Amino acid sequence: MNLFLATLLSPLVGGLLLGMINNPRLAARINIATGVSTFTFSLLLAIQVLDTKSVDAIDGWFHLDAYNVFLVALTTFVGMTTTIFSGPYMRHELEGGRLDLPRLRLYHSMFQLFQFGMLLGFTTNNIGVLWVSLELATLATVLLVSLYRTPASIAAAWKYFILCGMGIALALFGTVLVFFTSSAVLGHGNEALNWTALYAHAAELDPAVMSIAFCFLMVGYGTKVGLAPMHAWLPDAHGEGPTPVSAVLSGLLLNLALYALVRCKMLVDGSTGTDMAGHIMMGFGLLSLAVAALSLHKQRDIKRMFSFSSIEHMGLMTFAFGIGTTLSSFAALLHMTVHSLVKSGIFFTVGHAAQAMGTQKMSEIRGLIRHHPGIGWGLLIGTAAIAGFPPFGVFTSEFLLFTAALESYPWTTVPLLLGLLVAMAGLFRFVQPMVYGEVAEQAVQVHVNMLPVYVHFALALALGLAIPGFLAGWYEQAAALIVSGAVSGGGA
Amino acid sequence: MSASLVQQLIDGLAALMLLTSFALLAQHRMLSVLNWFAAQGFLLAATAAVVAYGTDNHELYISAMMALLLKGMLLPWLLWRVIRKLRVHREVEPLMNSTLTMIIALGVTLFSFHIIQPIEKISELMTRDSMAIATACVLLGMLMMITRKKAITQVIGFLAVENSLFFAAIGSTNGMPLIVEIGIAFDVLIAALIFGLFFFQIRTTFDSLEVDAMNVHLIHKDDDE
Amino acid sequence: MSSAFVQMLQAILLLLLAPLAAGFVSTCKARLQNRRGASVLQPWRNLRKLFGKEVVMAEHASWIFRTAPYVVFTATVMAASVVPALLVDTPLSLTADVIALVALLALARFFLALAGMDIGTAFGGMGVSREMTFSALAEPAMLMSIFVLSLGAHSTNLTTMINHTLNSPFALHPSLAFAFVAMLMIAVAENGRIPIDNPGTHLELTMIHEAMILEYSGRHLALMEWAAMVKLMLFATLITDLFMPWGMTLEASPAGVSLALALWIVKLAGLLLALAVIETGLAKLRLFEVPEYLSGAFVIAFLGLLSYYMLEVGA
């Protein structure tokens with residue numbers, strides 16, 4: 001019980017504290033300390049779930065089961081490594097004049113508040129509080145996207161705010177409709193919004209209302225996931241903010257939105273008993289894959305290109321969850337994990353590359369491997385990992401996805417394969433000249449900390465080669481839960 | 001008050017909500033838009049109070065008070081201060097002329113009435129008639145966001161959508177649990193504060209509050225050279 | 001007292017009280033503007049003066065110009081006499097259909113327009129084109145707002161509608177509220193009052209109704225002006241009939257009729273005072289803003305229709 005509070009309060013306290021500290025070095029250190037402490041608490045929580053299968057806390061307000069425990073640990077882990085990366089990186093930005101001290105202070109405190117929102121969303125048992133925390137996480141990052149105060153970044157932050165605000169409003173309407181039908185079954189109190197209670201009574205919820213609710217929830221949360229055609233905000237927002245912000249946006253926030261979407265899908269499946277929700281998700285997933293793979297080729301900015309890659313992968317995950325078999329859900333869960341790790345590692349590398357070359361335009365970045373082998377190799381390995389090369393984890397999850405698709409909907413493997421190939425072509429077409437070639441003239445030496453990147457890639461490699469037993473166990477359990485549309489009871 | 005009188009009051013308030021949504025779309029001046037927005041906040045508080053009386057739900061009185069303070073007074077005041085500092089008293093600039101907007105608004109209302117019909121039939125609450133109106137108000141708020149060129153009116157459209165969602169929550173469920181309501185209100189407040197901060201950033205960088213001026217910087221990012 | 005007698009009494013009263021009503025509005029406006037203004041009886045005096053004067057016509061005026069005042073006056077008076085004011089059920093009540101009413105008013109407007117264009121002056125043509133544009137927008141709005149009312153009574157006959165309102169229990173109907181506001185807006189537009197048209201203006205370029213009757217003199221002018229006053233009375237009575245019919249008698253007894261008469265005068269006075277306040281408080285709209293005003297009235301009437309279906313059917 002205390003662990004829940006500790007995990008949540010750690011980033012909250014850190015964020016409030018950081019709002020008052022002006023010294024950049026001290027702030028960076030406290031940031032890292034907060035990240036480490038949050039990660040430690042969440043690790044202990046995870047161990048507790050390992051023992052007892054699922055944990056409920058504080059009168060059922062919080063709930064951890066196989067589905068969200070590894071996501072909590074993942075979030076805190078990536079959060080921690082990002083804080084380690086961001087210390088020297090942001091100091092370099094400060095020295096370069098792109099930031100000033102007040103804005104750095106804002107950055108640090110908003111970063112931790114964002115973490116708080118994410119953790120609240122993952123651990124809460126209440127569908128309404130999930131909405132509130134997703135909105136909170138979005139609000140925390142809006143100001144961060146426009147941190148550099150360039151015209152493009154302000155425009156990007158505005159677009160992000162308006163489009164995601166709209167999406168979230170639609171999701172709220174869907175939530176209201178869910179409450180509408182659940183209050184008839186469970187009464188008007190908080191009980192009617194708890195995941196545990198909802199799943200237990202899913203069959204009694206009115207299918208017609210739940211179908212309409214799912215349409216709103218799909219479009220609403222789908223906007224936050226970055227699915228086409230609601231993805232217009234994503235490349236701009238992820239491309240314009242500072243690199244640590246892009247890393248957590250791509251690596252973590254999209255996960256929370258997808259998590260919310262899948263929880264809703266579980267509920268709707270239990271209520272309607274049809275495959276409607278799954279089919280809708282598959283449709284959106286394939287569309288996102290196609291749009292992202294094709295748009296990749298038109299990009300000129302390196303961060304925008306990789307954010308389209310995020311759209312592509314979120315599309316894949318949505319498609320996988322939509323298929324709805326145990327195998328596909330397993331694949332999707334694995335994919336969520338490795339994508340977060342690899343994508344954030346890539347963004348770290350890209351950040352260093354942009355700093356070294358002084359620009360984000362891909363046509364002007366050249367010869368990374370000669371200028372700084374660490375960055376060059378990091379980018380090459382990262383791109384290979386995200387494109388789905390074996391033996392990285394992305395290959396494993398995509399292979400499992402193929403198998404699942406072949407089992408249930410064989411004709412979808414063709415667009416899947418096409419999309420993946422087109423995306424891979426796009427990625428390498430841009431990365432190869434950036435990594436090799438003559439070093440560009442304006443390249444400068446930067447203090448580079450590639451350790452977080454290597455740790456992420458190593459983990460992705462490990463997950464590709466040999467998934468640890470407990471993790472595989474969690475994935476299986478979570479997949480079973482997702483397919484059956486239920487949630488495990490406390491201490492079963 | 002008898003049950004039927006409560007029901008009539010709720011129906012009347014719902015009709016007035018619909019009127020405010022249309023009025024928001026029809027205004028030419030920024031200040032009158034804000035006034036209608038504040039009126040919407042008052043109507044929300046009144047509706048919540050009436051439903052609280054009718055269902056004997058005391059938590060809803062707190063929601064009503066929050067709606068009154070936050071949406072009827074604080075938010076319009078914040079926005080008014082921002083408008084005054086930015087000196088944007090002037091015209092609201094719509095994307096297409098007002099008659100066409102009105103006709104589309106009427107079509108949207110008919111559409112939302114049509115889709116909510118099956119849900120309305122299931123409801124046994126006294127507020128079920130207002131569900132279609134709430135959905136219409138949500139869609140009308142979105143229409144306002146789409147058809148406006150200035151950033152401030154887009155924000156007011158967004159806040160109007162949030163208002164209508166609150167109304168929908170009351171109408172379809174007699175109020176969400178208090179924790180959720182407080183969380184949502186908190187989020188809306190933070191959003192409004194961030195919007196306020198944003199306007200100044202936009203104004204300093206772009207010297208205008210037109211959304212098109214901002215989008216120009218993003219349009220060329222995709223083309224091949 | 002037979003109902004036929006009451007019907008005739010209604011018609012005559014409408015005719016005679018119309019100038020008084022117009023005078024009442026002018027006096028209220030004057031007082032609101034801190035002037036003393038002309039006496040309430042002034043319009044009667046004006047009409048009497050005009051009837052005594054010689055008619056001067058252009059040389060090339062056609063028979064339309066000569067007969068138009070009579071047609072306009074007759075059509076308006078016929079419309080007015082059909083509208084029940086005191087007694088709900090009159091011998092002519094079968095013809096008291098709102099659509100017929102609108103048709104009679106349209107006939108009057110048609111001849112007014114022809115007369116305005118007959119001589120070929122610039123101002124006449126200008127007034128006619130404005131009037132026709134605005135009436136093309138105002139008429140659908142008026143019909144929409146009346147339809148909202150007729151939905152409940154399942155008929156467009158005025159007598160049936162009044163009976164329905166009198167017999168149903170008192171309730172707050174949003175649809176009626178919307179229809180009422182829309183009707184008020186339309187009545188102001190149809191009668192050429194501020195904010196659409198200034199009846200007291202002497203600037204020809206801003207005229208709408210006055211521009212069409214600019215060339216008339218003598219008894220022709222008297223008839224045209226009287227017709228306009230009767231039209232104002234007609235709309236006011238229509239509004240009280242549709243939205244606040246309480247006090248109208250159901251049978252033709254002296255006591256009932258006297259009470260109905262008193263209440264009718266009180267309601268009319270209230271409406272005319274409201275008109276005076278609106279005229280004093282608002283500024284005249286620019287011409288290109290009038291279609292917006294009229295479509296606003298249409299939208300409000302349509303909202304009334306929507307609220308009827310959304311809130312009141314099956315409730």
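Modeller: Two residues are in contact if their C-beta atoms, placed from the backbone, lie within 7 Å. Keep in mind throughout that this is a predicted model.

The part to begin with is Phe402(A), which sits in helix H16 (residues 393-408) of chain A. Once its neighbours within four places in sequence are set aside, Phe402(A) is in contact with Thr413(A) and Leu416(A). For its surroundings, count the other C-beta atoms within 10 Å: a residue is buried at 20 or more and exposed at 12 or fewer. Phe402(A) has 17, so it is partly exposed. As for Pro468(A), 66 residues away along the chain, its C-alpha atom is 22 Å from that of Phe402(A).

From here, turn to another helix of chain A, H6. Helix H6(A) covers residues 151-186, which is 36 residues. At 1.5 Å a residue it should span 52 Å, and the C-alpha atoms at its ends are 50 Å apart, which agrees. Most of the helix is covered, since 31 of the 36 residues of H6(A) count as buried, by the cut-off of 20 or more used above. Just after H6(A) comes Gly187(A), with a positive phi of about 85°.

Two pairs of chains are in contact, and chains A and B share the most contacts. In the contact between chains A and B, 40 residues come from chain A and 40 residues from chain B. On the side of chain A, the elements that give two or more residues are helix H5 (127-145), H6 and helix H8 (207-225). H6(A) has the largest share of that side, with 16 residues. Sorted by class, the side of chain A that touches chain B holds 24 nonpolar, eight polar and eight charged residues.

Chain C meets chain B as well, through 15 residues from chain C and 18 residues from chain B. Helix H11 (residues 290-312) of chain C gives the most to the chain C side, 11 residues. That side consists of 11 nonpolar residues, three polar and one charged. Chains A and C do not touch, and their nearest C-alpha atoms are 19 Å apart.

In chain A, the axes of helix H3 (residues 66-95) and helix H10 (residues 243-272) come within 9 Å and cross at roughly 170°. An angle over 145 degrees counts as roughly antiparallel, so H3(A) is roughly antiparallel to H10(A). Among the residues making this contact are Leu71(A), Val78(A) and Phe85(A) of H3(A), and Ala247(A), Leu252(A) and Tyr259(A) of H10(A). The contact of H3(A) with H10(A) has nine nonpolar residues, eight polar and no charged.

The axes of helix H5 (residues 122-153) and helix H7 (residues 174-190) of chain C come within 9 Å and cross at roughly 150°. By the cut-off already given, H5(C) and H7(C) are therefore roughly antiparallel to each other. Their crossing is left-handed. The residues in this contact include Phe134(C), Met142(C) and Leu149(C) of H5(C), and Ala182(C), Ile186(C) and Glu190(C) of H7(C). By class, the contact of H5(C) with H7(C) divides into 11 nonpolar, two polar and one charged.

Notes
Residues numbered from 1 in each chain as written. Chains lettered and ligands numbered in written order. Predicted model: local features only at pLDDT ≥ 70, side-chain atom pairs only at ≥ 80, totals over all residues. Helix = DSSP H or I, 4+ residues; strand = E, 2+ residues; numbered from the N terminus. Expected span 1.5 Å × (residues − 1). Nonpolar A, V, L, I, M, F, W, Y, C, P; charged D, E, K, R; others polar. Axes fitted to C-alpha atoms, helices over the stretch in contact; angles between N-to-C directions. Parallel < 35°, antiparallel > 145°, perpendicular 65-115°, else oblique. Left-handed = near helix turned anticlockwise from the far one by under 90°.
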